[in-house]
Amino acid sequence: MRFIQRCARLFAICLSILAAASIASPAAAMRVSPMVVEMESLGSDAVARIEVQNTGPETLAFETRIYRMEIDEDGKMTETPADDLFLVFPPQGALPPGGKQVLRLQWAGDPALATSQAYYVSVEQLPVAIEPGSEDSVAAKVQVLYNMRALAVVAPPGAKPDVTASSVRAFVYQPPQVEGQNETPAPVEGVEVILTNEGRRHAMMSNFGWKMEGKDKSGQWLRVDVSPEELTTAVGTGYVPALGSRKFYLPISGFGPEPIKLTFQQ
């Protein structure tokens, strides 16, 4: 059975999230690209560019905020304001329908970082005043404001990741609760993967193919190949911090209780 078929339950959850979002706001008014930028603390790579596009029918006013993102092994994130560590130009603006604006992002923190640091560049839509007596003031009492985020990771020049799989095993895990749904998702038979990075640079492990080899429940040899596209669906970027660990769960059934060998393929 292909990995993509084993992801069916996960895809259903993702579709539920998208459906809930579409009910709240039928059309997105803002697009940000790229969603991930990798920078260095010194040199020409200390500058990056992010494009903001207004895809809605009205003028889009926005401002940027930056947050330091720290993530533990279980994926829990802690955010702290970090606007002082970057220069952003322009820090705010207003775009007509269909308009685009390129934001210039420059690292202004320590040029001699010891290890990679991760940040979120948050592009936040600002409320627009509605004139009293207009049709909009009667029909639209609530404005839907968008907040799009791009991940920006700043690394020391020349630093490299050093990622190994410290543990890979069959595991029944509990998927996260879907926002807006009261029903608790059923447990999923899958694989728990713990990746450890001993390098000073972060790693985006969804850029690689993953090959898992072991024995199934009957003791027969089993191999499962997971493509970068499938990994992106299941675990996002697969971000592993420098000198840190991350735990990931993949909806791959069939492996028995023995350890599983995991290798990465370009």
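The model is predicted. Its largest nonpolar core holds 27 residues. A search of the whole structure finds 10 salt bridges.

**Nonpolar cores**

- Ile 66, Phe 86, Leu 105 and Trp 107 touch the most other members of the largest nonpolar core.
- Several strands supply at least two residues each to this core, among them E1 (30-33), E2 (36-40), E3 (47-54) and E4 (60-71).
- Strands E6 (86-89), E8 (100-107), E9 (117-125) and E10 (147-155) also each supply at least two.
- Trp 107 touches residues including Met 39, Ala 46, Leu 85, Phe 86 and Leu 113. Its contacts also include Glu 40, Gln 117, Tyr 119 and Val 154. Residues up to four places away in sequence are not counted here.

**An open sheet**

- The order of the 4 strands in this open sheet is E1-E3-E8-E6, and the pairing is antiparallel.
- E1 and E6 stand at the edges. Each has a single partner strand, so one side of each is left without a neighbour in the sheet.
- On average, neighbouring strands of this sheet are turned by 20° against each other, direction ignored.
- E6 and E8 pair over 4 bridges, in the antiparallel sense. In E8, Leu 105 is the bridge partner of Val 88.
- In general, strands of a sheet pair through backbone hydrogen bonds.

- Side chains of opposite charge can pair when their charged atoms come close.
- Glu 73 and Lys 247 meet through their side chains in a salt bridge (3.9 Å, N to O). The pair links distant parts of the chain, 174 residues apart. Glu 73 is in the loop between E4 and strand E5 (77-81), and Lys 247 is in strand E17 (residues 244-250).
- Glu 73 counts as partly exposed because its relative accessibility is 31%. Lys 247 counts as buried, at 18%.
- Arg 169 and Glu 192 form a salt bridge between their side chains (2.8 Å, N to O). Arg 169 lies in strand E11 (residues 163-173) and Glu 192 in strand E12 (residues 188-197), so the pair ties together parts 23 residues apart in sequence.
- Arg 169 is partly exposed, at 37% relative accessibility. Glu 192 is buried, at 4%.
- Lys 211 and Glu 213 also meet in a salt bridge (4.0 Å, N to O). Lys 211 is buried, with a relative accessible area of 17%.
- A network of salt bridges links Glu 38, Glu 40 and Arg 201.

Terms used
Residues are numbered from 1 along each chain as its sequence is written. This is a predicted model: local features need pLDDT of at least 70, side-chain atom pairs count only at pLDDT 80 or more; totals for chains, interfaces and linings use all residues. Side-chain values use heavy atoms; hydrogens and water are left out. A nonpolar core is a set of buried Ala, Val, Leu, Ile, Met, Phe, Trp, Tyr and Cys residues joined through side-chain atoms within 4.5 Å. Buried means under 20% relative accessible area, exposed over 50%, partly exposed in between (1.4 Å probe, protein chains only). Contact means heavy atoms within 4.5 Å. Two strands pair if DSSP finds at least two bridges between them. Axes are lines fitted to C-alpha atoms, for helices over the stretch in contact, and angles run from 0 to 180 degrees between N-to-C directions.
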